[in-house]
Amino acid sequence: MALTFRERFNKKHGFPKDASHSIAEIARLSGIKYRNALKIVQKGRGAFASNPKSVRPNVKSATQWGLARLYASVFPGSKSGKIDKDLLN
């Protein structure tokens, strides 16, 4: 099974596979501004609310969806990384 973006993030930074991180920690480790990381999470929260059919059944909250978008965005080849590239500096 393929690694999730959180698992890839953890592997890259030497954390246990299932470790969770705050928005500030993800931003710091990824070299992006906290306010931009927060904007990415807010975009994910908005997507959760505006298009619930696109949300996977195991995702239970807008914040969870937003953090998943942030983890994905910090990897340049991801779909959200391409969409949010203007916020990744």
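**Chatting through the core and the pocket**

Q: Hi! What pLDDT does the chain average?
A: This is a predicted model, and the chain averages a pLDDT of 90, with 99% of the residues scoring at least 70.

Q: Good to know. Where is confidence lowest, and where is it highest?
A: The lowest is helix H5, residues 79-83, at a mean of 89. The highest is helix H2, residues 23-30, at 97.

Q: OK, on to the inside. Which residues have the most contacts within the largest nonpolar core?
A: That core has 13 residues, and the ones with the most contacts inside it are Phe-9, Ile-23, Ile-26, Ile-32, Ala-37, Leu-70 and Val-74.

Q: And which helices supply at least two residues of this core?
A: H2 does, along with helix H3 (34-50) and helix H4 (62-73).

Q: Let's zoom in on Ile-26. What is it in contact with, leaving aside neighbours within four places in sequence?
A: Ile-26 is in contact with Phe-9, His-21, Leu-67, Leu-70, Tyr-71 and Val-74.

Q: Switching topic: how much space lies in the largest pocket?
A: About 940 Å³. The pocket is lined by 23 residues, and those closest to its centre are Phe-5, Arg-56, Trp-65, Ala-68 and Arg-69.

Q: Which elements give two or more residues to that lining?
A: Helix H1 (5-13), H3, H4 and H5 do. H4 gives the largest share, with seven residues.

Q: Last one: what classes of residue are in the lining of the largest pocket?
A: You'll find nine nonpolar, nine polar and five charged residues there.

Key
Residues are numbered from 1 along each chain as its sequence is written. This is a predicted model: local features need pLDDT of at least 70, side-chain atom pairs count only at pLDDT 80 or more; totals for chains, interfaces and linings use all residues. Side-chain values use heavy atoms; hydrogens and water are left out. pLDDT is the predictor's confidence in each residue, from 0 to 100. Helices (H or I, at least four residues) and strands (E, at least two) are DSSP runs, numbered from the N terminus. A nonpolar core is a set of buried Ala, Val, Leu, Ile, Met, Phe, Trp, Tyr and Cys residues joined through side-chain atoms within 4.5 Å. Buried means under 20% relative accessible area, exposed over 50%, partly exposed in between (1.4 Å probe, protein chains only). Contact means heavy atoms within 4.5 Å. On a 1 Å grid over the protein atoms alone, a cavity is a set of points where a 1.4 Å probe fits but cannot get out, and a pocket is an open set with protein on both sides within 12 Å along at least five of seven lines; lining residues have an atom within 4 Å of a point. Grid points are joined across faces, edges and corners, and a volume is the space filled by probe spheres set on the points. Ala, Val, Leu, Ile, Met, Phe, Trp, Tyr, Cys and Pro count as nonpolar, Asp, Glu, Lys and Arg as charged, and the others, Gly among them, as polar.
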